[in-house]
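Subject: Structure handover

Hello,

Here is the structure we talked about. Please open it and keep it beside you while you read.

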Amino acid sequence: MPHTQQPGVNINFVGLIAANTILGSVMPMLIILGGLAGVLLAPHPALATLPPSVQTFAGLVVTGPFLLLMGRYGRRVGFLVGGLAAIAGGRAGNRGMPKG
């Protein structure tokens, strides 16, 4: 029996490739911008890489609890809580940066 392609499969594939590309570009930006912010905020240049280190460590620490949360209440609640945490973190970072 010949293989028939379902409609929309190519569109889904292109969407997944685009999402993966965007996701792959985030980590280098966090490392670069975190280091630059660290240079502005740190009292000593050796502490400039502390922000990206804390981001990586925080991702490691919250992965387990978020898996449990999403397993119990579903992905929608997990993504909502994660989005709210990201907004709160962005606001805190914005308030912590010195104004030019």
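First, a term you will need. Helices here are DSSP runs of H or I, at least four residues long, and they are numbered from the N terminus. Gly 15, for example, is found in helix α1. Please remember that this is a predicted model.

Start with the largest pocket. Its volume is about 700 Å³. How many residues line the largest pocket? The count is 22. Find Gln 55, Ala 58, Gly 59, Val 62 and Ala 86 in your viewer, because among the lining residues these lie nearest the pocket's centre.

Which element gives the largest share of the lining? It is α3, with 9 residues. Now look at the classes. The lining has 12 nonpolar residues and 10 polar ones. Charged residues are absent from it.

Is Met 27 buried, exposed or partly exposed? Its relative accessible area is 44%. Buried means under 20% and exposed means over 50%. Met 27 falls in between, so it counts as partly exposed.

- Gly 15: its relative accessible area is 38%, so Gly 15 is partly exposed. The C-alpha atoms of Gly 15 and Leu 47 are separated by 39 Å. Along the chain, these two are 32 residues apart.
- Leu 50: this residue is found in helix α2. Its relative accessible area is 47%, so Leu 50 is partly exposed. Leu 50 and Gly 35 are 15 residues apart in sequence. In space they are 7.6 Å apart, C-alpha to C-alpha.
- Gly 74: look for it in the loop between α2 and α3. Its relative accessibility is 23%, so Gly 74 counts as partly exposed. From Gly 74 to Ser 25 is 27 Å, C-alpha to C-alpha. In sequence they are 49 residues apart.
- Met 97: you will find it in the segment after α3. Its relative accessibility is 27%, so Met 97 counts as partly exposed. Met 97 and Leu 40 are 57 residues apart along the chain. Their C-alpha atoms are separated by 8.3 Å.

**Back to the start**

Best wishes

Note on methods. Residues are numbered from 1 along each chain as its sequence is written. This is a predicted model: local features need pLDDT of at least 70, side-chain atom pairs count only at pLDDT 80 or more; totals for chains, interfaces and linings use all residues. Side-chain values use heavy atoms; hydrogens and water are left out. Buried means under 20% relative accessible area, exposed over 50%, partly exposed in between (1.4 Å probe, protein chains only). On a 1 Å grid over the protein atoms alone, a cavity is a set of points where a 1.4 Å probe fits but cannot get out, and a pocket is an open set with protein on both sides within 12 Å along at least five of seven lines; lining residues have an atom within 4 Å of a point. Grid points are joined across faces, edges and corners, and a volume is the space filled by probe spheres set on the points. Helices (H or I, at least four residues) and strands (E, at least two) are DSSP runs, numbered from the N terminus. Ala, Val, Leu, Ile, Met, Phe, Trp, Tyr, Cys and Pro count as nonpolar, Asp, Glu, Lys and Arg as charged, and the others, Gly among them, as polar.
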